[in-house]
Amino acid sequence: MAFKDLFKFNKGKTSFVFIGGKGGVGKTTVSASTALWMAKSGKKTLVISTDPAHSLGDSLEMNIGHFPTPIRENLYAVEVDPEVAMEQSKAKLQEQQDLGQSNPFGMDFLEDQLEMTAMAPGADETAAFNVFMEYMTTDEYDVVIFDTAPTGHTLRLLSFPEMMDSWVGKMITMKKKLGDMTKAFKNILPFMGDDDEDKQAMDDLEKTKDTIKKAREVMTDPNRTSFKMVVIPEEMSIYESSRAMEALEKNKMHADAVIVNQVLPETSGCDFCNARRKLQEKRLDLINEKFSEQVVAQIPLLVTEAKGMDTLEKIAEILYGEPDS
């Protein structure tokens, strides 16, 4: 199977591609190259960096922000900013408050919760998942490519639908119990709650739960979402990616491809290079053994930095061939 044939598209529905792997293996290079190839093939494409140490803008040699930045025809890019995401959430809450959609917890309480969430470990993953849910529900793009953080962060991001579903479920249960208590005391303590506010809060929680369920369905649907793992011919990278793919399988998500980056040429006039190549050959055999169920492609070690449109387009051609026009 040709590497490009792994991509699947559904008319009117966005396809999602996650590019993962150990830190420093070239995920951003592959993500940017893939995005350029998709755009050149006529697909309206969005590439999103969820890595806190953003390098997507450096790779494309453009300034990129939290909102879609036009790169060229059919291509847009985003670098997720948790602080901006938090401000967006605050603004949305304030808008609801202004429209009279009050909440039983109070605006100050919710703002405090948002502040704590922004400072807590995992804030980057939270912001990234919120962005994912936003683009998942719009179908504005033909394909959305996620340039993900290193493996551990990525796995936490991909487990967010399950975690959030559990959390929202508990909130709904708690709210129902509180609702029963407030009804019991309402005749004695009339300030205990308002039926309209309680109903609004319950409706909001149910909507959130439904959105999370849809996100989970999309992420586990191989016709909508695919996972590509980037490795280099070194044991640490290979074994970490292998463990990550096992974790994906446990969550009913399948990686269909492995991209081996920084492969040395078979022969050269350099004794050191030849020795390294022999070592790489052993690691390439290990890759073929470990990832026998995936399509494996290679990117040679470049003599220049993997940045700039021209270089990225050459890498895309190595992986996918000439774009379909």
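**Strands and helices around an open sheet**

Trainee: What sort of model is it?

Mentor: This is a predicted model: local features need pLDDT of at least 70, side-chain atom pairs count only at pLDDT 80 or more, and totals for chains, interfaces and linings use all residues. Residues are numbered from 1 along each chain as its sequence is written, and side-chain values use heavy atoms, with hydrogens and water left out.

Trainee: Back to strand 1. In what sense does strand 1 pair with strand 5, and over how many bridges?

Mentor: Parallel, over 5 bridges; two strands count as paired if DSSP finds at least two bridges between them. Ile19 stands opposite Asp147 in strand 5. Strand 1 also pairs with strand 6 in the parallel sense, over 6 bridges, and there Gly21 faces Val230.

Trainee: What about strand 2, how many of its residues are buried?

Mentor: 5 of its 5. Thr45, Val47 and Ser49 point one way, while Leu46 and Ile48 point the other way.

Trainee: Which residues stand opposite Ser49?

Mentor: Glu79 in strand 4 and Asp147 in strand 5. Strand 2 pairs in the parallel sense with strand 4, over 5 bridges, and likewise with strand 5, over 5 bridges.

Trainee: What is the strand order in the whole sheet?

Mentor: The sheet is open, with 8 strands in the order 3-4-2-5-1-6-7-8 and mixed pairing. Strand 3 (69-72) and strand 8 (295-300) stand at the edges with a single partner strand each, so one side of each has no neighbour in the sheet. From one strand to the next the twist averages 25°.

Trainee: How does strand 3 run relative to strand 4?

Mentor: Antiparallel, joined by 3 bridges to strand 4 (residues 75-79). Thr69 is opposite Ala77 there.

Trainee: And which strands does helix 9 touch?

Mentor: Helix 9 (residues 235-250) packs on the sheet against strand 1, strand 6 and strand 7, and its direction makes about 165° with that of strand 6. Contact means heavy atoms within 4.5 Å. Axes are lines fitted to C-alpha atoms, for helices over the stretch in contact, and angles run from 0 to 180 degrees between N-to-C directions.

Trainee: At what angle do helix 9 and helix 10 cross?

Mentor: Roughly 5°, with the axes of helix 9 and helix 10 (residues 271-290) coming within 10 Å. That makes the two helices roughly parallel, a label for angles under 35 degrees. Glu235, Ile238, Tyr239 and Ser242 of helix 9 meet Arg283, Leu286, Ile287 and Lys290 of helix 10.

Trainee: Last one: how far apart are the end C-alpha atoms of helix 11?

Mentor: They are 16 Å apart, which agrees with the 16 Å that its 12 residues (309-320) should span at 1.5 Å a residue. The expected span is 1.5 Å times one less than the number of residues. Gly321 follows helix 11, with a positive phi near 80°.

Technical notes
Helix = DSSP H or I, 4+ residues; strand = E, 2+ residues; numbered from the N terminus. Parallel < 35°, antiparallel > 145°, perpendicular 65-115°, else oblique. Buried < 20%, exposed > 50% of the residue type's maximum accessible area, 1.4 Å probe, protein only.
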